[in-house]
Amino acid sequence: MALEVLSLTFDPITLLTILVGVTAGISIGAMPGLTSTMGIALLMPLTFAMEAHTGMMLLIGEFVGAIYGGSITAILINTPGTPSAAATVLDGYPFTKRGESGRAIGISTVASFGGGIISGIIMILVAPVLANIALKFSAPETFALAFFGISIISSISGKSLLKGLFSGAIGLTLALIGVDNITGFTRFAFGSTFLMGGLAVIPVMVGLFAMSQCFLSIEELEATNVITQKIKSALPTKQDLKTIWPTILRGGLTGTFIGIIPGAGGDISAFVSYDMERRVSKHPELFGTGLPEAIAAPESSNNGTTGGALIPLLTLGIPGDSNTAVMLGALMIHNLIPGPMLFVQQAAVVDTLFIGFMIANVFMLILGLLGIPLFVKIVQVPRKILVPVIIVLCLVGSYAINNNYLDVVVMLVAGVIGYALVKGGFPLSPIVLALILGPMAEGNLRRSLVMSKGSVMIFFERPISAAFIVIAVVCLFLPIIKRWIVMYRNFKKSSAA
Amino acid sequence: MILSGIIFLLAVLLLLNIRKESGETVHLFSKKNTTVFLSLLITVLYVVLISVVGFPIATLLYLFGLMMFFRIKSWKILIGVPVLTTAILYGVFTRFLFVQFPRGILF
């Protein structure tokens, strides 16, 4: 078993794939306008010809690289390459203004590496335990879990609770398309045989995350990323390492924990860690002027979410964010159904993914410290050239999955809808999550109702499912209750005055 | 079936609520967006074109056309990028991934 894992991981092709994934990830992450989710969606068609573990390593490498890559442009041109790097801008850009961009990138690289490794260790320790617990889940628990996943992502991911819920409802509705699994009744097919099979998840995801992003980039075609400063060395000094290591420890742990929560990803955790660091700091007034620990905090934290987000994906089949949602689609194509059974039936593959995750982080460290000049060149490719090429990639990718021309149409429609929704301030990840978790929720709801002969009480009689449902409902109502409390306080104040 | 009804109702309800809540309107049709809509139109044309002339030719034309539309002046880029992209994509997908691209009705 151990030998099998080692031979799977240290296979030259697998190592090369991880390297390609990390390099692609850093480039995609560094480019403002290209997100890591988009990168995963675009790289996915390439994994079909690979073995399952190799293909997944490509995607995990991309994920790890992209979350780090965002910091490069955050530091150099004051624009975060990915939303996760938004907090890095605050203290990263002041370094560049002082002419110390190399030092800032070095700190960010080491911090990202530290955060990634911490989250990897936690993943390796926690995931098998969690999978063991999840093995005892039956239909009611699984339904409660899916319900929990959909509702929590709807309530957390957007700025407005209603908009998040609306996105979630769209996703659920899309999930209904096709033939009903249990009764064979056709829903929302409008007489089309293509729709009877249900919507293919991947073209929808490519459209929502990649195509819509292209449209958004077309709006700002003229934006160029000109980097003038020459970067000499990105190797951090001993002094800097000494100041940032406690920060990395805190950031990595916070990031991992936030990553585990469905719906909360790198962008949230980075700000949480930045804020936390300011509170424990001896000189909080200097934050925003370019402090080493103020770069290390968000960067270790956002890379901490990578391992964190993989934990619920692998053990429960519930993706923690949009990146892992797309990965879930890839896993399913490779016939690896995430969930507790994966740890029993495909233990070698799971272990390979764990080790591969660590290797991806090591590659990221090496590439980040030595390869910055290369990434600086890539970032400067103008959008006018990049966008047309990416649109073609979207098309080819969604076609290649089933060799079906209609999937391209689905992708294009999803792209236009995604663009309109982003413009209206609706979050996209609830749609995808509901689309994936919808069938899981529905099937298990039906099965549990059969088990209980139609009584809904089955969900509340079992402690685990009851707990999930209660947490989900509390999360949904929390913003409303909060508003009431604020209103009540204001009322009290005004009546007292 | 009951589920679908509930979800549909929920969606409509939320839509109404959102209308009430947000006072600001989102401009889907502004000057900035004409470029986006025209690009979308070109892309739709491209998808149609694939089924007529096949993937390689349509991709060459599309990349060339869209970059022209984006006002790229350099002929090196206008010719080089479409040729390289099409060649690499076609090679990778047909050789390694065994994808059969639509050949189009003309050939």
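Biologist: In which loop of chain A does Asn335(A) have its place?

Modeller: Asn335(A) sits in the loop between helix H14 (322-333) and helix H15 (340-345) of chain A. Please keep in mind that this is a predicted model.

Biologist: Is Asn335(A) buried or exposed?

Modeller: The reading rests on a count of C-beta atoms within 10 Å: 20 or more make a residue buried, 12 or fewer make it exposed, and values in between make it partly exposed. Asn335(A) has 8 C-beta neighbours inside 10 Å, and therefore counts as exposed.

Biologist: Which phi does Asn78(A) have, and in which loop is it found?

Modeller: Asn78(A), not a glycine either, has a positive phi of about 65°. The residue is found in the loop between helix H4 (52-77) and H5 of chain A. Its count is 13 other C-beta atoms within 10 Å, so Asn78(A) is partly exposed.

Biologist: Let us turn to helix packing. At what angle do the axes of H5 and H13 of chain A cross?

Modeller: A crossing is read from the angle between N-to-C directions, and an angle over 145 degrees counts as roughly antiparallel. The axes of helix H5 (residues 86-97) and helix H13 (residues 292-316) of chain A cross at roughly 165° and come within 8 Å. H5(A) and H13(A) are therefore roughly antiparallel to each other, and their crossing is left-handed.

Biologist: Which residues of H5(A) and H13(A) meet, and how do they divide by class?

Modeller: From H5(A) come Ala87(A), Thr88(A), Leu90(A), Asp91(A) and Gly92(A), which meet Ala294(A), Ile295(A), Pro298(A) and Glu299(A) in H13(A). By class, this contact has 5 nonpolar, 2 polar and 2 charged residues.

Biologist: What is the angle between H2 and H17 of chain A, and which residues make the contact?

Modeller: Helix H2 (residues 12-30) and helix H17 (residues 372-379) of chain A pack at an angle of about 50°, with their axes 9 Å apart. H2(A) and H17(A) are therefore oblique to each other, and the crossing is right-handed. The contact is made by Ile26(A), Ser27(A) and Ala30(A) of H2(A), with Phe375(A), Ile378(A) and Val379(A) of H17(A). These residues divide into 5 nonpolar, 1 polar and no charged.

Biologist: Pro12(A) is also found in helix H2 of chain A. How many other C-beta atoms lie within 10 Å of Pro12(A)?

Modeller: There are 7, so Pro12(A) is exposed. In sequence Pro12(A) and Glu62(A) are 50 residues apart, and in space they are 18 Å apart, C-alpha to C-alpha.

Biologist: How many helices and strands are there in chain A, and what is its radius of gyration?

Modeller: Chain A has 22 helices and 2 strands. A compact globule of 497 residues would have a radius of gyration near 23 Å, and the 23 Å of chain A therefore agrees. The C-alpha trace spans about 70 × 70 × 50 Å along the principal axes of chain A. Buried residues make up 59% of chain A. Among its contacts between residues at least 6 apart in sequence, 78% join residues at least 24 apart.

Biologist: What elements does chain B have, and what share of its residues counts as buried?

Modeller: Chain B has 4 helices and 0 strands, in the order α-α-α-α from the N terminus on. Of its 107 residues, 19% count as buried. For contacts in chain B between residues at least 6 apart in sequence, 55% join residues at least 24 apart.

Methods. Residues numbered from 1 in each chain as written. Chains lettered and ligands numbered in written order. Predicted model: local features only at pLDDT ≥ 70, side-chain atom pairs only at ≥ 80, totals over all residues. Axes fitted to C-alpha atoms, helices over the stretch in contact; angles between N-to-C directions. Parallel < 35°, antiparallel > 145°, perpendicular 65-115°, else oblique. Left-handed = near helix turned anticlockwise from the far one by under 90°. Contact = placed C-beta atoms within 7 Å. Nonpolar A, V, L, I, M, F, W, Y, C, P; charged D, E, K, R; others polar. Rg over C-alpha atoms; globule rule 2.2 N^0.38 Å.
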